[in-house]
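This report is written for a reader meeting the structure for the first time. The sequence and the model are shown below, and the sections after them go from the whole chain to single residues.

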Amino acid sequence: KVLLHRGRKLLARALALIGNDTHPDNHMLRWRLLDVRERALDLQGRRTEQKADIDALQQLADTLDDDRRRGVAAWRRSDIALRMADYRTMESAARHAIAFAERAGDEALGLLAQVRLALALCLLGDASAGKELALEGLSAARGQGLRQIEARFLNALAYIAAEQNDLMATLET
């Protein structure tokens, strides 16, 4: 806890030192600093500050005109929405993340967002659609050898199976 607090203070100081300098190198440095701080805030459950950093990441992605970074910011918005039980925002942000990942040609990011979308659909009452989407994503992740993303799809499928009272379905995947 002390390390996270000290780290946040150092990150805040580094961001203050950059100030409003619009040099492109500073945009990239600001992205990296906000990226780390947002993750630390997530671990601490400091959602208001975390949301502010996600907003700042989104603004930087727009400034950089970078669809991959827009997708990352949207995925993070979907992730925090899951943690806050805001399933409509989770779904919307996941769909945005998928669209940005497709435009950027980042299949791994698109699949990460697809995991969130599958869960969002289930949490919004359409477990069948969530399961179908998760099975498609699982196949794609396996086909690309993306083991960590495959594990996320398996976890999502286990959750969906539990919601459908079909725990035997987890043995099929």
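## Overall make-up

Of the 173 residues in the chain, 42% are buried, where buried means under 20% relative accessible area, exposed over 50% and partly exposed in between (1.4 Å probe, protein chains only). The model is a predicted one, in which local features need pLDDT of at least 70 and side-chain atom pairs count only at pLDDT 80 or more, while totals for chains, interfaces and linings use all residues. Residues are numbered from 1 along each chain as its sequence is written, and side-chain values use heavy atoms, with hydrogens and water left out.

The chain holds nine helices and zero strands. These elements are DSSP runs numbered from the N terminus, with helices (H or I) of at least four residues and strands (E) of at least two. Among contacts (heavy atoms within 4.5 Å) between residues at least 6 apart in sequence, 52% join residues at least 24 apart.

## The nonpolar core

The largest nonpolar core has 35 residues, and W31, L117, A134 and F153 touch the most other members. Such a core is a set of buried Ala, Val, Leu, Ile, Met, Phe, Trp, Tyr and Cys residues joined through side-chain atoms within 4.5 Å. At least two residues of this core come from each of α2 (24-44), α3 (47-64), α4 (67-83), α5 (87-104), α6, α7 and α8. The greatest share is that of α6, with ten residues.

Not counting residues up to four places away in sequence, L117 touches E91, A94, R95, I98 and L133. Over the face of W31 lies R69, at 5.2 Å from the ring centre; a charge sits over a ring if NZ of Lys or CZ of Arg is within 6 Å of the ring centre and within 35 degrees of the ring normal.

## Helix α7

Helix α7 covers residues 127-144, and its 18 residues should span 26 Å at 1.5 Å a residue; the end C-alpha atoms are 25 Å apart, which agrees. The expected span is 1.5 Å times one less than the number of residues in the helix.

The buried residues of α7 are A127, G130, L133, A134, G137, L138 and A141. These residues lie on the same side of α7, because they cover an arc of only 145° around the axis, taken from the directions from the helix axis to the C-beta atoms. On the other side of α7, the residues S128, E132, S139 and G143 are exposed. The cover over the buried residues of α7 includes α6 (107-123) and α8 (147-163). Just after the helix, G145 takes a positive phi of about 70°.

## Loops between helices

D65 lies in the loop between α3 and α4. Although D65 is not a glycine, its phi is positive, at about 50°; the residue is exposed, with a relative accessible area of 57%. In the loop between α4 and α5 is A85, another residue other than glycine with a positive phi, near 60°. A85 counts as partly exposed, at 47% relative accessibility.

The loop between α5 and α6 holds D106, which is buried, with a relative accessible area of 17%. Leaving aside neighbours within four places in sequence, D106 is in contact with R68 and A101. The C-alpha atoms of D106 and G71 are separated by 9.1 Å, and the two residues are 35 residues apart along the chain.
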